[in-house]
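Welcome! Let's walk through this structure together, asking at each step what lies behind the words used for it.

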Amino acid sequence: MNHLVLAEAAVNPLIPKTAEMIVGVIAFTLLFLVLRSKVVPMFEKAYALRTEAIQGGMEKAEKAQQDAAAALAHYTLQLNEARGEAQTIREDARAQGAAIIEELRSKAQEEAARITAAATASIEAERQQALTSLRLEVGTLATELASKIVGEALDDQVRQSRIVDRFLADMEKSK
Amino acid sequence: MSQLVVAGGPGFVPPSTSDFDLPSIFGHSAYSTKPVFLVALSVILISVFFIAASRKAAVVPSKLQFSGEAIYGFVRNSIGEEIIGHEFMRFVPFLFTLFTFVITNNVFGIVPFLQFPAMSHVGFPYVLALFSFVIFHYVGIKKQGLGKYLKGIAFMPGVPKAVYILLTPIEIATFFLVRPLTLSLRLFANMFAGHLLLLVFITGGDYMLHDSHIFMKVLSPFSFAFGIGMSFFEFMVQCLQAYIITLLTALFIAGALADEH
């Protein structure tokens, strides 16, 4: 027991050994220098690269989104323009169609009027012709008939025409 | 001396502080002890791992880079940026070194064959606390000027004058004595006690296994099992202590950077 106490007293754990303190200083300093020069900058570089990669990716995505939005706006605008244009064209076509129909109708009416007028004129001319030839023939026929009935030669021109006129006048009177 | 006692003593000799006094591996040099080799090994392992992990600095990280970045990002963002604020980047290399250095050496405490936390030798935590101490005071002095910085510590603004009789000694002690001491002793004591606890269960189980009494032999596996269970608990403490020393250092730096604390 006495030996044990002596042994314990010989090694006071709170008294540092000079050699170990020197080793501690050297070891720690060495490790510090190695980690500071070789390890920390590399890890920081990896961090920076990663941040950059993420940030770059995000910026790229943002730009793509902006581009897409711009394209959408552009196309929407174009679509609206096209729609407006189509509307105008449709209206123009309708107006033109109406004009064409109107024109055709008036032309047709004109034509019809012209055809009617021509027909009326030709009918009138033919009636006049028919009337003239009829008068001539009726005169001849009646004279022949009368000469046959009466036996009297009515070849005297003057008399003949007087008789025909009287006959006709009688016919018209009796009508 | 301790070996003599263990060999000659009757019955179970519980592990003591002398178990931390490891002999030199080569010759009698104080620079060839196990903790010195472990610290050197940790520097090599951390350097190799993180250089390999950060070498490519790829946008899409490999598994190796991802795991390295996870640790770096934890210190950088959760400790550095969160606590120090916009000037944090200047201190990231230091905080990162502190965290990786402490956690690696702590975890060595439960790594098979290594199985010794270098931070249970108080010299190493003292050194770390010293670095932290120098840096946060330097930052404060550079930011606010020596006079203003010291005045801010000794005479906290917005306090009635009479209170200074009590407050000034407490504040001065806090900034120049308590902070570095608690920083180093917390780490040291946790690692020391944790290692001692594991030693108790493992050497105890070993002792019981070799005891002539059958009852002791039967109970021996329970001691080992408890030792293994405590190893997991120790792993948690080791990570937590690495986090705490880094966090507190960041807090001290943040306090020194702030115009008023």
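Q: How do you know that residues 1–9 of chain A call for caution?
A: This is a predicted model, and pLDDT stays under 50 over residues 1–9 of chain A. The model has eleven contacts beyond four places in sequence for that stretch. Where pLDDT is low, the predicted coordinates should not be read in detail.

Q: Where in chain A is confidence lowest, and where is it highest?
A: Helix H1 (residues 2–10) of chain A has the lowest confidence, with a mean of 46. The highest is found in helix H2 (residues 18–150) of chain A, at 92. For chain A as a whole, the mean pLDDT is 87, and 90% of its residues reach 70 or more.

Q: What makes up the contact between the chains, and how many residues does each give?
A: Chain A gives 34 residues and chain B gives 42. On the side of chain A that touches chain B, H1 and H2 of chain A each supply at least two residues. The largest share, 24 residues, comes from H2(A). By kind, the residues of this side of chain A are 25 nonpolar, two polar and seven charged.

Q: Why is H7(B) called roughly antiparallel to H8(B)?
A: Helix H7 (residues 164–209) of chain B and helix H8 (residues 214–257) of chain B pack at an angle of about 170°. Angles over 145 degrees count as roughly antiparallel, so H7(B) is roughly antiparallel to H8(B). The axes of the two helices are 8 Å apart.

Q: Which kinds of residues form the contact of H7(B) with H8(B)?
A: There are 18 nonpolar, nine polar and four charged residues in the contact of H7(B) with H8(B).

Conventions: Residues are numbered from 1 along each chain as its sequence is written. Chains are lettered from A and ligands numbered from 1 in the order in which they are written. This is a predicted model: local features need pLDDT of at least 70, side-chain atom pairs count only at pLDDT 80 or more; totals for chains, interfaces and linings use all residues. pLDDT is the predictor's confidence in each residue, from 0 to 100. Helices (H or I, at least four residues) and strands (E, at least two) are DSSP runs, numbered from the N terminus. Two residues are in contact if their C-beta atoms, placed from the backbone, lie within 7 Å. Ala, Val, Leu, Ile, Met, Phe, Trp, Tyr, Cys and Pro count as nonpolar, Asp, Glu, Lys and Arg as charged, and the others, Gly among them, as polar. Axes are lines fitted to C-alpha atoms, for helices over the stretch in contact, and angles run from 0 to 180 degrees between N-to-C directions. Angles under 35 degrees count as roughly parallel, over 145 as roughly antiparallel, 65 to 115 as roughly perpendicular and the rest as oblique.
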